[in-house]
Amino acid sequence: MLLYEHPLSSYAQKVKIALREKGVAFDLELPTSLGASADGGPFAAANPRREVPVLIDGEDRIFESTVILEYIEDRWPTPPLLPKSPGARAAARITEEVCDTHYEAVNWGFAEILWFNRATGELADSLRAEALRQTKVLQAWLQDRLGEATWFGGETFGWADAAAAPMVNRSVYYGMGPAEGSALASWHRRLSERPSVVATFAEFDAAAAVMKDVAALYAPGGGRKREYRDHRLEWMLKSGGLDIVTQGLRDDNIRFSWPDPA
Ligand SMILES: N[C@@H](CCC(=O)N[C@@H](CS)C(=O)NCC(=O)O)C(=O)O
């Protein structure tokens, strides 16, 4: 079992938490071609989008973190991460969907400034302020779904917890975590004690500590391109970062999703 991943990827973290909850052994590999224009190699062959995570299980090569999570649940049903009732299963999937699209895009946008230096001065300030404002909206939405429960699904840690964990933890890392004393803050603290999450967050912290060096590869002339796709691209545009996109096109250090233009 091999997982192509990046330790900072919230999608990869969600998958690692699920595998670890189920006690499945796996190897981790950061694809050397991630962000590079070269598209050869087994990673690109497994996922034409050239995005992590990708799970390789014998002949099965699975990309898209939600599809991977479904595969994990089918292949290793015990302990289940999805609840039993159709309504509760749908609720867990909705939490995941919102985290993967809306919340992740905000976290990504903040990192474009923090790590990838895509804006300075007033533009950076206004994008950071916008990220903070939107983070509060998303945390209020999550808090409402959590209510007073221990986990998003009630008594048992599950699907929605695995999906929301990397998102909220990233906000905490940014200094934009849930308000002290809130139910969401207590949930984050509880979560951070689970072995599956401890391991996954430790990998995140180690990678975040060297991120400034990695970012140089994505500077103009560095040879790597950041992927500006769907929700992330929308975040940049709606939050006031249109100039960042046009500058990235001029510098040729952003890319859109597959298939690549000629
Ligand atoms: N919808 C995909 C999104 C995966 C994704 O965007 N992964 C990012 C890392 S967080 C990536 O690999 N980007 C490719 C790149 O930056 O070149 C999923 O859920 O797996």
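The structure is a predicted model, in which local features need pLDDT of at least 70, side-chain atom pairs count only at pLDDT 80 or more, and totals for chains, interfaces and linings use all residues. Residues are numbered from 1 along each chain as its sequence is written, and side-chain values use heavy atoms, with hydrogens and water left out.

Helices (H or I, at least four residues) and strands (E, at least two) are DSSP runs, numbered from the N terminus. Two strands are said to pair if DSSP finds at least two bridges between them. Strand β3 covers residues 54–57 and includes D57. On one side of the pairing, β1 (residues 2–4) meets β3 in the antiparallel sense over three bridges, with L2 bridged to I56. Strand β4 (residues 60–63) is also antiparallel to β3, over four bridges. Here I56 stands opposite R61, and D57 has D60 as its bridge partner. The two strands β3 and β4 form a hairpin with two residues between them, and G58 in the turn has a positive phi of about 60°.

Which way do the side chains of β3 point? V54 and I56 point one way, L55 and D57 the other, and all are buried. Buried means under 20% relative accessible area, exposed over 50%, and partly exposed in between, with a 1.4 Å probe and protein chains only. D57 counts as buried because its relative accessibility is 12%. Contact means heavy atoms within 4.5 Å; not counting residues up to four places away in sequence, D57 touches M1, Y71, R75 and W76.

I turn to the cores. A nonpolar core is a set of buried Ala, Val, Leu, Ile, Met, Phe, Trp, Tyr and Cys residues joined through side-chain atoms within 4.5 Å. The largest has 66 residues, and L19, I72, W115, F152, F157, W187 and L191 touch the most other members. Helix α4 (residues 86–114) gives the largest share of this core, 10 residues. Another core lies apart from it, with seven residues, among them Y4, F43, V54 and I56. Leaving aside neighbours within four places in sequence, the contacts of F157 include I17, L81, W151 and L191, as well as E21 and R194.

Next, the largest pocket. A pocket is an open set of points on a 1 Å grid over the protein atoms alone, where a 1.4 Å probe fits, with protein on both sides within 12 Å along at least five of seven lines; lining residues have an atom within 4 Å of a point. How many residues line the largest pocket? There are 46, of which S9, L34, V52, R226 and R232 lie nearest its centre. Helix α4 supplies the largest share of this lining, six residues.

Finally, Q134 lies in helix α5 (residues 121–146). Is Q134 buried or exposed? Q134 is buried, with a relative accessible area of 10%. Its contacts, leaving aside neighbours within four places in sequence, are V106, W235, K238 and S239. Q134 and N107 are 27 residues apart in sequence and 9.8 Å apart in space, C-alpha to C-alpha.
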